[in-house]
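This report describes selected contacts in the structure shown below. It begins with a term needed for the packing of helices and then turns to individual regions.

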Amino acid sequence: MSSLTIYIITAIVSIITALLLVQLTRLSAQAKIKADEKAIRDAYLTSHGIDEDLNQTIYKEISELTDSEEFCRGISNKVSGILSREIDKRVTQTALELRKKYESIIEEKSQDKEIAWKKYNKVLAEKKETEAVIHSIAEGLVVVDAAGNVVMMNEAAEKLLGVSKIDKIGRPMLEGIKEEQLVSLAKNSPGEDTKEIELVSQENETKKILRASSAVIEDEDGQTVGMVSVLSDITKQRELDRMKSSFVASVSHELRTPLIGIQKSLSLILSKTAGDVSENQEQLLSIADRNLQRLTLLINDLLDLSKLEAGRMEIKREPYSVEKVIAESIEGLATWVKSKSLNLEKEIESGLPEVNIDPNRITQVLTNLIGNAVKFTPQNGTITVKASSGRGDGHVQVTVQDTGIGIEKENLPKIFGKFYQVGERTPTDISGTGIGLSIAKEIVELHGGKIWVESEKGFGTRFIFTLPLR
Amino acid sequence: MDNSTINVLVVDDETDFRQLMSFWLKSKGYSVTLAQDGETAIQLLKNEKLDVVFLDLNMPAMDGVHTLKKIREFNKDIPVIVISAYVDRLKLTEVKAYDISGVFYKGEEFEKGLALLESALRMHKRLKK
């Protein structure tokens with residue numbers, strides 16, 4: 001036996017041994033392989049004609065080694081069979097690996113999907129909850145985007161605005177609403193966060209007053225992405241306010257009539273028109289007269305306040321000398337100033353031009369400021385009224401300065417507020433309604449001027465107001 | 001000067017004020033005639049010799065503006081001083097169209113009313129000349 005034959009036989013034996021081992025693993029592997037995979041594999045092998053090609057190649061190779069064709073054919077058949085099965089095994093294994101990978105990906109994906117689904121449900125529930133909250137609040141709520149289109153609107157808002165949500169979502173706030181006041185709602189400027197809107201209801205033509213409190217919605221970069229507005233119906237509140245103001249006005253008017261009657265009677269007796277009056281009688285009647293004056297001032301304040309609240313305070317301007325208006329105000333208070341032994345000084349810049357003012361109203365302001373100075377300045381103190389052309393900024397500046405008790409720093413900002421009284425308890429002879437300064441402020445502002453106060457506890461007070469020259 | 005020859009008509013729906021005015025004017029020597037409403041005032045002006053009128057702006061039924069308008073239809077000369085309890089800009093603007101000699105606010109001192117009365121009479125006298 002030639003060495004070549006031995007070599008070939010050894011090779012075949014080893015191949016067969018390998019084949020047996022391969023067969024064993026293949027059996028166990030095959031159990032796991034599914035029919036479809038097998039079909040794929042078979043189709044793959046057939047379509048590529050691996051068996052045939054392989055057999056040919058091996059045969060060609062071996063035929064170069066031996067002359068025996070039969071032997072050669074047998075070996076090549078065996079080898080190609082082994083190789084085919086080997087390839088078969090590899091393919092199966094690869095397919096198995098791929099399948100495992102694929103399955104794990106699927107599993108991963110489905111897990112992700114489940115998480116996403118849970119999240120979605122949670123968000124949905126939260127959204128429903130938020131919506132329920134938004135829809136159940138009594139105030140109207142409207143959310144618009146940066147372009148002014150409605151994003152969300154609750155039932156109360158639909159009712160208040162007389163529109164339907166279905167028509168409004170995704171559309172401009174104002175579309176279909178005639179009331180031009182609504183423009184103001186959509187174009188709310190950032191400075192004003194609350195404004196009032198008047199609407200006429202489409203159903204019964206009644207007027208509705210809404211208060212819109214708006215806030216700008218910004219994203220993380222501070223860009224405006226929209227606006228949320230809360231609407232509340234304040235029609236009834238307004239009506240009550242109006243009724244209150246008109247009640248106060250009418251009561252004040254009604255009160256004036258009897259007061260005038262008493263005042264006139266007293267003045268006739270005191271002027272001795274109705275005959276002689278004894279010293280004691282005169283003293284008592286004077287007390288009655290003084291208190292009557294206080295009562296009258298109080299009622300005038302109330303009347304002004306009601307006008308102020310109703311927005312009916314008017315000023316009637318005419319060119320008037322500031323010096324004259326100061327002189328007239330001082331004249332009215334002269335007796336009081338004298339009775340408290342106070343010095344009242346005037347420092348009027350010469351050549352002050354006339355200003356366009358309502359002399360009655362400015363007299364009222366000055367009477368209030370000087371009156372306060374008289375009230376809060378102890379005996380022998382000094383009150384100075386100054387007027388100058390200010391800092392040349394087109395204003396006349398009037399100052400009322402006293403050497404009185406002064407105002408504590410923390411109370412200064414409150415002083416122009418309605419019903420504000422300095423200190424908790426003031427002696428009755430220096431009490432007032434606490435609305436004089438708020439009226440004074442209103443009057444000065446109606447004239448286009450400004451009023452402010454400078455004071456230090458114990459060192460007197462200085463009230464300054466400006467009036468525009470034109 | 002003898003004021004008693006001057007007859008002052010006071011028109012006011014408010015009895016107390018009417019009487020106070022009467023008391024005061026009489027204390028100054030004037031003759032006084034009283035009317036509680038516009039209609040009465042018009043009748044008096046048509047039938048009696050009156051020299052000057054104090055006319056309340058706010059009266060029920062016929063107010064001061066309406067009353068003065070009617071007075072001016074038959075008497076363009078008589079001086080009329082308007083009386084008012086408060087500044088009623090609207091009515092004051094209206095009434096000023098009918099030639100008035102001044103406004104006397106009820107809260108003001110009688111002296112001011114007297115000054116108005118005297119200046120109205122002086123003006124009237126000058127115009128007559």
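## Helix packing in chain A

A crossing of two helices is called left-handed if the near helix is turned anticlockwise from the far one by less than a right angle, and right-handed if the turn is clockwise. In this predicted model, α11(A) passes α12(A) in a left-handed crossing. Two packed helices are described by the angle between their axes and the distance between the axes. For helix α11 (residues 359-376) of chain A and helix α12 (residues 436-446) of chain A, the axes cross at roughly 145 degrees and come within 9 Å.

On the side of α11(A), the residues in contact are A:R361, A:I362, A:Q364, A:V365, A:N368, A:L369 and A:N372. They meet A:G436, A:L437, A:I439, A:A440, A:I443 and A:V444 in α12(A). Sorted by class, this contact of α11(A) with α12(A) comprises eight nonpolar, four polar and one charged residues.

## The interface of chain B and chain A

Between them, chain B and chain A bury about 1,400 Å², and 63% of this area is on carbon and sulfur atoms. Within chain B, the residues that lose the most area to chain A are B:L20, B:F23 and B:R89, which together account for 37% of what that side buries. The contact involves 16 residues from chain B and 15 residues from chain A.

What is the count of salt bridges between chain B and chain A? The count is zero. Four residue pairs are, however, found in polar contact across the interface of chain B and chain A, with both residues of each pair at pLDDT 80 or more. Helix α1 (residues 15-27) of chain B gives the most to the side of chain B that touches chain A, contributing five residues. By class, that side of chain B has eight nonpolar, two polar and six charged residues.

## Salt bridges

Over all chains, the count comes to 17 salt bridges. In chain A, the side chains of A:K89 and A:E86 meet in a salt bridge, with an N to O distance of 3.5 Å. Because A:K89 and A:E86 are three residues apart in helix α4 (residues 69-136) of chain A, they are separated by about one helical turn.

## Two strand residues of chain A

A:T382 lies in strand β9 (residues 382-388) of chain A. Its side chain is joined to that of A:N343 by a polar contact of 3.4 Å. With neighbours within four places in sequence left aside, the residues in contact with A:T382 are A:N343, A:E345, A:T377, A:Q401, A:D402 and A:T403.

A:E218 is placed in strand β4 (residues 207-218) of chain A. Not counting residues up to four places away in sequence, A:E218 touches A:Q223, A:T224 and A:V225. The C-alpha atoms of A:E218 and A:A146 are separated by 9.6 Å, and these residues are 72 residues apart along the chain.

How values were computed
Residues numbered from 1 in each chain as written. Chains lettered and ligands numbered in written order. Predicted model: local features only at pLDDT ≥ 70, side-chain atom pairs only at ≥ 80, totals over all residues. Heavy atoms only, no water. Contact = heavy atoms within 4.5 Å. Buried area = accessible area lost by both parts, 1.4 Å probe. Salt bridge = Lys/Arg side-chain N within 4 Å of Asp/Glu carboxyl O. Polar contact = N/O pair within 3.5 Å; in protein donor to acceptor, adjacent residues only side chain to side chain. Helix = DSSP H or I, 4+ residues; strand = E, 2+ residues; numbered from the N terminus. Nonpolar A, V, L, I, M, F, W, Y, C, P; charged D, E, K, R; others polar. Axes fitted to C-alpha atoms, helices over the stretch in contact; angles between N-to-C directions.
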